[in-house]
Amino acid sequence: MLRYQKAHQNCRPAHGILPAGNRKGLWNMAYKRTEIDEKEIARQRDICARISAENAGLPERPLALVDTYGCQQNEEDSERLRGYLAEMGFGFTRDENAAEVVVVNTCAIREHAEMRVLGNVGALVHAKKRNPRLVVAVCGCMVQQPHMAEKLKKSFRVVDLAFGPHQLWRFPELYDRARAHRERVFQCGPSEGVVAEGVPAARDGKVKAWLSVMYGCNNFCTYCVVPSVRGRERSRKPEDVVAEARELVAAGYKDITLLGQNVNSYGRDLPDGVDFAGLIRQINAIPGDFLIRFMTSHPRDATETLFKTMAECEKCAKQLHLPVQSGSDRVLRAMNRHYDRAKYMELIACARRYMPDLVVTTDIIVGFPGETEADFEETIRLVEQVRYDAMFTFIYSPRVGTPAAAMPDPVTREEKQSWFDKLVETANAISAEKHRAYEGKTLRVLVDGETERGEYNLSARTNGGRLVHLRGDTGLVGSFVSARIVSSGTWALYGEII
């Protein structure tokens with residue numbers, strides 16, 4: 001946290017906005033890329049094997065619960081945690097009362113997520129009373145914040161183990177200490193971040209897969225804690241990413257999402273010159289029938305080269321999540337987003353020139369400190385102009401240690417809620433109208449799961465990521481099919497397989 005604050009103090013000009021040209025020189029000046037030696041990962045897996053041998057001697061297979069909050073990166077982290085636990089000989093459960101270990105993987109983006117985590121962690125005291133052997137671990141972004149780590153240590157005695165994202169690769173070692181010595185283990189110190197290859201993964205399902213291509217962020221948006229909890233940007237080597245993508249395709253995965261806090265920055269810290277567009281082309285060249293998606297794409301680094309690559313790569317989904325956050329130039333400057341409304345609109349126009357049927361989604365924050373009603377109306381006008389297929393909208397949540405948390409914020413919560421409701425109403429109307437335009441069309445969709453929606457027992461996704469409910473044999477899960485869209489709603493399409 002101190003490093004994060006110091007970076008702003010040293011680099012920030014008088015008006016409070018970091019110039020784009022200073023990013024690589026100042027922000028990365030002290031950056032050190034830390035790659036975990038493969039021998040260290042082998043040592044962690046040896047610990048797993050030892051614990052697995054112990055568990056094999058028990059009357060019943062022990063169970064673990066991994067509870068995940070937050071973004072897709074957290075979901076991918078939880079897959080790594082489950083991978084380690086599987087190698088330790090654990091099965092999995094959703095019932096904390098049946099578990100021998102509970103891992104809560106946390107999010108720090110908004111206060112609501114943190115309050116939910118703390119409430120659910122506190123409630124684990126009942127499970128621990130029933131089973132004193134239970135090991136409770138809390139990890140992820142929330143734990144990397146010093147004030148939250150201290151809160152867990154002092155006020156949540158039920159927690160046996162706490163560690164931040166940079167220590168995930170050491171989970172077997174840390175868990176072994178906590179369970180064998182019955183000591184409380186806290187590994188939440190500051191870190192620029194690491195790259196650890198070879199950590200096993202246990203994924204949910206066999207259709208969709210998350211694939212991290214990089215970690216951390218260098219953008220320092222004034223409302224965001226990611227640079228302080230996830231560290232600076234560091235890219236995985238392209239050969240490692242492509243090798244894992246090959247493994248996923250060989251295992252039958254059909255929908256692979258490339259993950260990073262800002263995937264458009266991929267490769268800038270590597271010597272081989274492969275950028276994100278080049279990485280997409282390498283994965284696109286893997287034989288097989290599958291889709292490539294990615295998120296999140298920061299507008300400051302989105303380029304025509306990326307859009308051209310998306311259009312030319314037949315396996316790359318024609319879907320772009322491009323968070324705008326606000327339609328007001330004044331608010332964008334205060335957010336330190338490094339683009340203005342005109343630049344953003346140029347990007348949208350460029351992407352749609354290459355891909356006329358492109359599905360575009362976004363993130364928007366309502367009620368940023370100092371935002372006025374006039375600023376908010378600028379956002380509404382931008383939404384009406386872009387006509388997003390879907391939006392993820394949030395009321396601003398102050399985060400300890402960020403510059404925005406210290407900004408004057410005179411607008412009441414009630415007024416922000418009113419703005420939020422208007423934004424949602426606008427977004428829903430556009431989404432419903434766009435969905436109606438699909439009716440009567442025949443689309444190639446990927447059947448990705450089962451539902452509990454009566455006659456519409458299957459869920460599927462279009463190339464652009466639109467949700468489609470279908471009727472059909474559950475044996476179709478994992479297959480591409482043609483579907484005629486017969487009706488639509490605000491959030492989904494309804495179709496019949498042909």
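The structure is a predicted model.

**Helix α3**

- Helix α3 runs over residues 38-56, which makes 19 residues.
- At 1.5 Å a residue the helix should span 27 Å, and its end C-alpha atoms are 27 Å apart, so the two values agree.
- The buried residues in α3 are I41, Q44, I47, C48, I51 and N55.
- These residues lie on the same side of α3, because they cover an arc of only 110 degrees around the axis.
- E38, K39, D46, A53 and A56, on the other side of α3, are exposed.
- Among the elements covering the buried residues of α3 are α4 (72-87) and α8 (171-181).
- At the start of α3, the backbone nitrogen of K39 has a side-chain oxygen of D37 within 2.7 Å.

**M310 in helix α12**

- M310 belongs to helix α12, residues 304-312.
- The relative accessible area of M310 is 0%, so M310 counts as buried, the cut-off being under 20%.
- Leaving aside residues up to four places away in sequence, M310 touches F294, C316, A317, K318, Q319, M355 and L358.
- R293 is 17 residues from M310 along the chain, and the C-alpha atoms of the two are separated by 9.7 Å.

**Salt bridges of E244**

- E244 and R80 form a salt bridge in which the closest N and O atoms are 2.7 Å apart.
- This pair links distant parts of the chain, with E244 in helix α10 (residues 238-250) and R80 in helix α4, 164 residues apart.
- E244 also meets R236 in a salt bridge, at 2.9 Å from N to O.
- E244 is buried at 9% relative accessibility, R80 is buried with a relative accessible area of 13%, and R236 is buried at 4% relative accessibility.

**The R281 and E312 pair**

- The side chains of R281 and E312 form a salt bridge, with 2.6 Å from N to O.
- This pair too links distant parts of the chain: R281 is in helix α11 (residues 276-284) and E312 is in helix α12, 31 residues apart.
- R281 is partly exposed, with a relative accessible area of 35%, and E312 is partly exposed, with 42%.

Technical notes
Residues are numbered from 1 along each chain as its sequence is written. This is a predicted model: local features need pLDDT of at least 70, side-chain atom pairs count only at pLDDT 80 or more; totals for chains, interfaces and linings use all residues. Side-chain values use heavy atoms; hydrogens and water are left out. Helices (H or I, at least four residues) and strands (E, at least two) are DSSP runs, numbered from the N terminus. The expected span of a helix is 1.5 Å times one less than its number of residues. Buried means under 20% relative accessible area, exposed over 50%, partly exposed in between (1.4 Å probe, protein chains only). The arc is that of the directions from the helix axis to the C-beta atoms. Contact means heavy atoms within 4.5 Å. A polar contact is a pair of N or O atoms within 3.5 Å; within protein, one must be able to donate a hydrogen and the other to accept it, and residues adjacent in sequence count only if both atoms are side-chain atoms. A salt bridge is a side-chain nitrogen of Lys or Arg within 4 Å of a carboxyl oxygen of Asp or Glu.
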